[in-house]
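Work through the exercises below with the sequence and the 3D view side by side. Each task is followed by a solution in steps.

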Amino acid sequence: MKLGDLTLSQLHHRLADNDLALRTGPFVTRIHSPMLQVAESLLQLYADFPLDEGEFRDFHVRVGPPLGLRRWLRPQINFWYDGHSPFKPLPANHAFALLEWGLNWCVAGHAHHYLMLHAAVLEKNGRAVVLPGDPGAGKSTLTAALMLSGWRLLSDEITLVDRDDGLLVGLARPVSLKNASIDVIRRAFPDAVIGAPAYDTHKGTVAHVRPSADSVARVGEKARPAWVVFPRWREGCPARLNPHSRADAFLHTASHAFNYSLLGGLGFELNAALMDACACHDFEYSNLDEALQVFSELAA
Amino acid sequence: MTLARQCQPLLDILRDPRGMATLDLKSWDLLLRQAGAAGLLSRLAVLAEMLGLSNRVPDAVKPHLTAARSVATKQRQAVRWEARRVARALADIDGPVLLLKGAAYAIADLPPAAGRLFGDIDILVPRAQLDQAEAALMLAGWHTQKQDDYDQRYYRRWMHELPPMTHIRRGTVLDVHHNLLPETARIRTTADPILDAAQALADPTGLYIPADTDLVLHSACHLFHEGEWDHGLRDLVDLDAMLRAFAKSSAFWPALLARAQLLNLGRPLYYALDCCRRWLHTPIPDDVIAACPSRPPAWQRPLMRSLFDAGLASVHPTCRGRFARLATFILFVRGHYLRMPWHLLLPHLLHQALRRNQEQNR
């Protein structure tokens, strides 16, 4: 059964009753939330995802108002991981954004059976591109644009490297867009489904793009890494790839990874094997169409 | 709720980890949550591997155990590395430097070390060398965290340790003790016998750990004398693992009782033995408990048991009984009451409350 098979009211009730478990790639998360906003956003962005009816869940999370008198003064929202809240409360209208951050936190904080790099990852024709990127470099914009033009999304935030075979494992969760990039994607892809923006978060305005049906349907297929590309958006710059040294790409991904040092020697070996399997590039762009052209030539 | 049904399945698995081979998926779901919240998941994961059960658990569970083992391995490695840095920093001070608790278990590879997670590193130095040790640690990069004069005074005048020292680059935290209990505590104890009986470590050289009996007594006194029960069950598991291993020597029990008498820690030892036996089925002879140097009067025992049981069960919402909140509050108050007499405690609590108020209004 898919999440989209439920009506909004059914979904809302199951979330409120703590009776909804969502499968995103290798993880099953039980989500508990009385918030209608969470139900609406899930229905809009996660409709293609399967529900899990089994008895085992990897993560148990809740998004809802904090207890105590304060909630009557100012509506707030918090995230709980099995009774423990790792974040500070946020304004109530950030509920869905908080759930998304919480789900990332669950994976990044627990899934140490993978090497977890801080990078987006997409696949085309059996080959995957890993996109590490500093905040503001245009990584999410590029990720959303690639997904909306036929690349299969594995993840916009966490690249999971399987410790047994070095292949990349997908989550296919929505792409998080920030500030100006929301309108850039809206203009370039008028058909894209973009959730309600959360304004004035610590990352500015945040909105999520619904993952393509193909990405969700094929989330179980691991992908073979082929390229590591460091995107950078620069005003007026023609789209072009430049070689990037593998050694530097190694150091950059290792130092930005979620658990490189935790995995010790294994982390080194997995990341080294990833770099060995990949051609590494810098990529500067200002125009999305040009950027997509370069990537489709790359994957051809 | 009786103890037999409380904290299940975690409690049964801690009593007999071989039970992991036959748990169903639903129980695993709960076990991973309870063990994760108690800080015991890595321990179970490592035990599963040691017992050859890694491949007999359901496929959905395997990744969690693999991940938890990675965390344990990393922490073990990190604590060894950090201990070497401490040894190097304190190489020149007179008198022994002892690793305590988690760091001691890990470096000496004692039974609780398997899969144990760490917070801070605790060390014990002779009171006379405290200033020297602090200066040497500061030179090596550890500094007391940003605290006001009141905190500094509070620690230095009344406590058995310096304010926590954080390494300026690594962010690791070191607790430097000169005694097991605060100067103001109801129970007075002395660290001298512990320093005298310390065992030298081969690696890193220059560091020591307490004798077996003293490791047990320190763990007991830490657990049953403080008001913080977040890691209560994990600490009880440490005690259980040590008692099971050390008791293989017939001289252990008499030595432990004599030591408890000497260090004036009979009461926490009694509570530790009683809880270990009831919670984890630790094999402890009746006559050892009967011979404990300080036992609570019979009328107090059921009350103390229910308090400690609630404290130990506070690890996860599915373990808590009906009066959990009240019980943990009473334990918190008890912890403070044991720490210092009322004429010191009340002004201290008032100061903390006012400061919190000021910070919120800022």
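Two residues are in contact if their C-beta atoms, placed from the backbone, lie within 7 Å. The model is predicted: local features need pLDDT of at least 70, side-chain atom pairs count only at pLDDT 80 or more, and totals for chains, interfaces and linings use all residues. Residues are numbered from 1 along each chain as its sequence is written, and chains are lettered from A and ligands numbered from 1 in the order in which they are written.

**Exercise 1. Contacts of one alanine**

Task: Which residues is B:A220 in contact with, leaving aside its neighbours within four places in sequence?

Solution. Step 1: set aside the neighbours within four places; B:A220 is then in contact with B:L239, B:L265, B:P268, B:L269 and B:A272.
Step 1: A nonpolar core is a set of buried Ala, Val, Leu, Ile, Met, Phe, Trp, Tyr and Cys residues joined through C-beta atoms within 7 Å. A residue is buried if 20 or more other C-beta atoms lie within 10 Å of its own, exposed if 12 or fewer, and partly exposed in between. The largest such core has 194 residues, and B:A220 and B:A272 are among those with the most contacts inside it, together with A:V121, A:L122, B:L99 and B:I123.
Step 2: find the main contributor. Helix α4 of chain A, residues 95–110, gives the most to this core, with nine residues.
Step 3: locate the core in chain A. Domain 1 (3–110) and domain 2 (114–299) of chain A both give residues to the core, so it lies between them. These domain bounds come from an automatic or database domain assignment.

**Exercise 2. A helix in chain B**

Task: Is α12 of chain B largely enclosed or largely open?

Solution. Step 1: check the helix itself. Helices (H or I, at least four residues) and strands (E, at least two) are DSSP runs, numbered from the N terminus. Helix α12 of chain B covers residues 266–280, and its 15 residues reach 20 Å from first C-alpha to last, close to the 21 Å expected at 1.5 Å a residue. The expected span is 1.5 Å times one less than the number of residues.
Step 1: count the buried residues. In α12(B), 12 of the 15 residues are buried, so the helix is largely enclosed by the rest of the structure. Among them are B:G266, B:R267, B:D274 and B:W279.
Step 2: name the cover. What covers the buried residues of α12(B) includes α1, α9, α10, α11, α13 and α14 of chain B.
Step 3: look past the end. Just after α12(B), B:H281 takes a positive phi of about 55°.

**Exercise 3. Backbone details**

Task: Where do A:D82 and A:N179 lie, and what is the omega of the peptide bond from B:Q8 to B:P9?

Solution. Step 1: A:D82 is in the loop between β4 and β5 of chain A, with phi near 45°, a positive value in a residue other than glycine. A:D82 has 19 C-beta neighbours inside 10 Å and counts as partly exposed.
Step 1: A:N179 lies in the loop between β11 and α6 of chain A, and its phi is positive at about 50°. With 14 C-beta neighbours inside 10 Å, A:N179 is partly exposed.
Step 2: the bond from B:Q8 to B:P9 is cis, with omega near 5°. B:P9 lies in the segment before α1 of chain B.
Step 3: a cis peptide bond also joins B:D203 and B:P204, with omega about 0°. B:P204 is in the loop between β6 and β7 of chain B.
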